[in-house]
Amino acid sequence: MDGQLLLGLLLLLLLGASGLRGQGPGPVGPSEGPPDEEEEQEEEEVPEEDGILVLNRRTLGLALREHPALLVEFYAPWCGHCKALAPEYSKAAALLAVEAAKARLAKVDGPAEPELAEEFAVTEYPTLKFFRDGNRTHPEEYTGPREAQGIAEWLRRRVGPSATQLEDEEGARVLMRAWDVVVIGFFQDLQDKDVATFLAVAQDALDMAFGLTDRPQLFQKFGLTKDTVVLFKKYDEGRADFPVDKELGLDQGDLSRFLLTHSMHLVTEFTPQTSPKIFAARIPNHLLLFINQTLAAHRERLSGFREAAPRFRGQVLFVVVDVGAKNDHVLQYFGLKAEEAPTLRFINMETTKKYAPADKELVTATSVAAFCRAVLGGELKPYRLSQEIPPDWDQRPVKTLVGKNFEQVAFDETKNVFIKFYAPWCTHCKEMAPAWEALAEKYKDHEDIIIAELDATANELEAFPVHGFPTLKYFPAGPGRKAIEYKGTRDLETFSKFLDSGGELPAEEPTEPPGQPFPVGSSVQGHSLWTGGCGAEGAGWAEAAASRWGPVTLCRRRQKTPRSPRTSCSHAAIAVHQGRPVSGAPGS
């Protein structure tokens, strides 16, 4: 009896254990969710729009597993720059589909998918990231152009070879006939680490074709005896050589600069198409401009300008500007009148310092070369723009400053001076104008306080550059030429607290980071990502020129702070397309 009882108890225990195993949660899979949820996720189909995968937090992982090369755009529905990119993005998807390329394009609505936006550190729209082989943790930032052919080519050079391996002269000639600029790497050993550097540069230089070879007959044909990168072009000198240093090897930065410098024409005509390459890359840092009213009227002088250009290859970029072709903003930037053309102007793009010839002599090869040597040798001083001092500059509560009276007023040791640096076209400057007027009215009877404003697009200062609009600076009384940048909320109450405390906000008053110009990136092909802001009528010429490549501007994510990057204009934030403002996100 005892034996039968024990047997029965044993059977019950076995049945119970079996039942528990059948009802348990089981091991957790890679998706870190229950098996039924994982199966449902794997079965879910990713929707498409115009050949572009539409992803969310549930389907991103699935897309990464299915597509080894995936370019994902993080966009915002309200972003005007995303809307401008959309048709080009769709065209790029179609181009890749026709080629049966391995790469796919996708998009994610950032505001609707905040977890993904946070995971991939998306702070501006559009942001594009390239995922390779399902690697979710280290995507590559997209740095290419924002038009269909450029997007497709950028991807082709990542999923396929970025350079064509050349076996004979005919292969090289075919490449040269198809492209205006061809770069061929001549390497005796294609396994050398310098080849990897060469291929890395080729991935991003999308406006030129790349080939490489180790064939002795090709070395001989092109007159080479050692490893060399050669740039062939259908204009100017026709060829430029970059020998590879045996000891140091091939440096990616040096090669990129060489290709950019020598792919440019000796003399470039300023147009909306050429301006991004001229001003975004800033290689070389110096520009010499021949400013004309009509190019046809000054062919003889233009020939002298062109004749001098080869002497300064790599040091100075020669640019011809026809101010009669909707380029009158060039005149404004240099403080010129139309009747002063033709003339020369020299600008250092790094410091924005401008130079003019000492004498009004004819534009000849000799005079152009002498002018360049004088600037590069430090013999000429730069000039700065300034409006004339208005007769009634100090009659209103808000005093009007210009370049010629700024130093005298701002650094008056007996006054506390609060200055608004603005741009006439800046929406944010206009929005804060009533508060600024009210502040001046409130303190107009305080003899030691001056409230002033300065148009920073028409007046340049030796003391410091002004990069963003509006910029507010406080200059306290006393020696030392001290300047304090205001970083608080732009309203009458906070302005008043700031003044009453001698240029400091009370501890309980939160401050916001100033609206700094957005970063500007460039790649070897000369394209750049210029960020969005106010329209640019009357804006700084160099920045407005570069930003004519309007559709690639970026929108910052919406923020509720009273002073965010989206509520400040900056030179780098100017968005112009053919002289007209480009729409951006709401409020931009």
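The entries below go from the chain as a whole to a single strand and its neighbours.

**Ground rules.** I noted that this is a predicted model, in which local features need pLDDT of at least 70 and side-chain atom pairs count only at pLDDT 80 or more, while totals for chains, interfaces and linings use all residues. I number residues from 1 along each chain as its sequence is written, and side-chain values use heavy atoms, with hydrogens and water left out.

**Whole chain.** I looked up the secondary structure and found 18 helices and 29 strands; these are DSSP runs, helices being H or I with at least four residues and strands being E with at least two, numbered from the N terminus. Of the 588 residues in the chain, 49% are buried, where buried means under 20% relative accessible area with a 1.4 Å probe, counting protein chains only. For contacts (heavy atoms within 4.5 Å), I read that 71% of those with a separation of 6 or more join residues 24 or more positions apart.

**Strand E9.** I then asked how many residues of E9 (residues 181-186) are buried. Six of its six residues are, and the strand is mostly covered. In a regular strand the side chains alternate between the two faces of the sheet. In E9, I found Val181, Val183 and Gly185 buried on one side, and Val182, Ile184 and Phe186 buried on the other.

**Partners of E9.** Two strands count as paired if DSSP finds at least two bridges between them. E9 runs antiparallel to E11 (residues 228-233), with six bridges joining them, and here Ile184 has Val230 as its bridge partner. With E10 (residues 209-213), E9 pairs in the parallel sense over five bridges, and Val182 has Ala209 as its bridge partner there.

**The sheet.** Which order do the strands take in this open sheet of five? I wrote down E8-E10-E9-E11-E12, with mixed pairing. E8 (164-165) and E12 (239-243) stand at the edges, each with a single partner strand, so one side of each has no neighbour in the sheet. E8 runs parallel to E10, joined by two bridges, and Gln165 stands opposite Leu212 in E10.

Conventions
Buried < 20%, exposed > 50% of the residue type's maximum accessible area, 1.4 Å probe, protein only.
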